Amino acid sequence: MYICICKGITDSQIKDAVHDGSTSIKALRRQLGVSSQCGRCAELTKEIIDETMSAGMPADANGALFYSAG
């Protein structure tokens, strides 16, 4: 699905960039150009960042999320 119409950026491109280490709007703007023109995609981009990061995080025995040290 297209997230940034101005630059033609899809949710898949954003997710791939997050997995590659771009975990902020600022970093994604530098890498992909998202939210660099009208800015209407910024909120949805932030939601995708948050969802992608939380989906890749392991849970401990109590169900709490944490980042691994490795």
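Is Cys 6 buried, exposed or partly exposed? Cys 6 is partly exposed, with a relative accessible area of 41%. Here, buried means under 20% relative accessible area, exposed means over 50%, and partly exposed lies in between (1.4 Å probe, protein chains only).

This is a predicted model, in which local features need pLDDT of at least 70, side-chain atom pairs count only at pLDDT 80 or more, and totals for chains, interfaces and linings use all residues. Residues are numbered from 1 along each chain as its sequence is written, and side-chain values use heavy atoms, with hydrogens and water left out.

**The chain as a whole**

- The chain has 3 helices and 2 strands. Helices (H or I, at least four residues) and strands (E, at least two) are DSSP runs, numbered from the N terminus.
- Along the sequence, the pattern reads β-β-α-α-α.
- The chain has 70 residues, and 30% of them are buried.
- Of the chain's contacts with a separation of 6 or more, 38% come from residues 24 or more positions apart. Contact means heavy atoms within 4.5 Å.

**Cys 6**

- Cys 6 sits in the loop between β1 (2–4) and β2 (9–10).
- Leaving out residues up to four places away in sequence, Cys 6 touches Gln 37 and Cys 38.
- Cys 6 and Val 34 are 28 residues apart along the chain, and their C-alpha atoms are separated by 8.3 Å.

**Asp 11**

- Asp 11 belongs to helix α1. Its relative accessibility is 15%, so Asp 11 counts as buried.
- A polar atom of the Asp 11 side chain lies 2.9 Å from the backbone nitrogen of Met 1.
- Not counting residues up to four places away in sequence, Asp 11 touches Met 1, Ile 3 and Ile 48.

**Ser 22**

- Ser 22 lies in the loop between α1 (11–19) and α2 (25–31). It counts as buried because its relative accessibility is 9%.
- The side chains of Ser 22 and Gln 31 are joined by a polar contact of 2.4 Å. A polar contact is a pair of N or O atoms within 3.5 Å; within protein, one must be able to donate a hydrogen and the other to accept it, and residues adjacent in sequence count only if both atoms are side-chain atoms.
- Setting aside neighbours within four places in sequence, Ser 22 is in contact with Ala 17, Ala 27, Leu 28 and Gln 31.

**Ser 35**

- Ser 35 is in the loop between α2 and α3. Its relative accessible area is 12%, so Ser 35 is buried.
- Most residues other than glycine have a negative phi. Ser 35 is not a glycine, yet it has a positive phi of about 60°.

**How α1 packs on α3**

- Two packed helices are described by the angle between their axes and the distance between the axes.
- For α1 and helix α3 (residues 42–55), the angle is about 50° and the axes are 10 Å apart. Axes are lines fitted to C-alpha atoms, for helices over the stretch in contact, and angles run from 0 to 180 degrees between N-to-C directions.
- α1 and α3 are therefore oblique to each other. Angles under 35 degrees count as roughly parallel, over 145 as roughly antiparallel, 65 to 115 as roughly perpendicular, and the rest as oblique.
- From α1, the contact is made by Asp 11, Ile 14, Lys 15, Val 18 and His 19. From α3, it is made by Thr 45, Ile 48, Ile 49, Thr 52 and Met 53.
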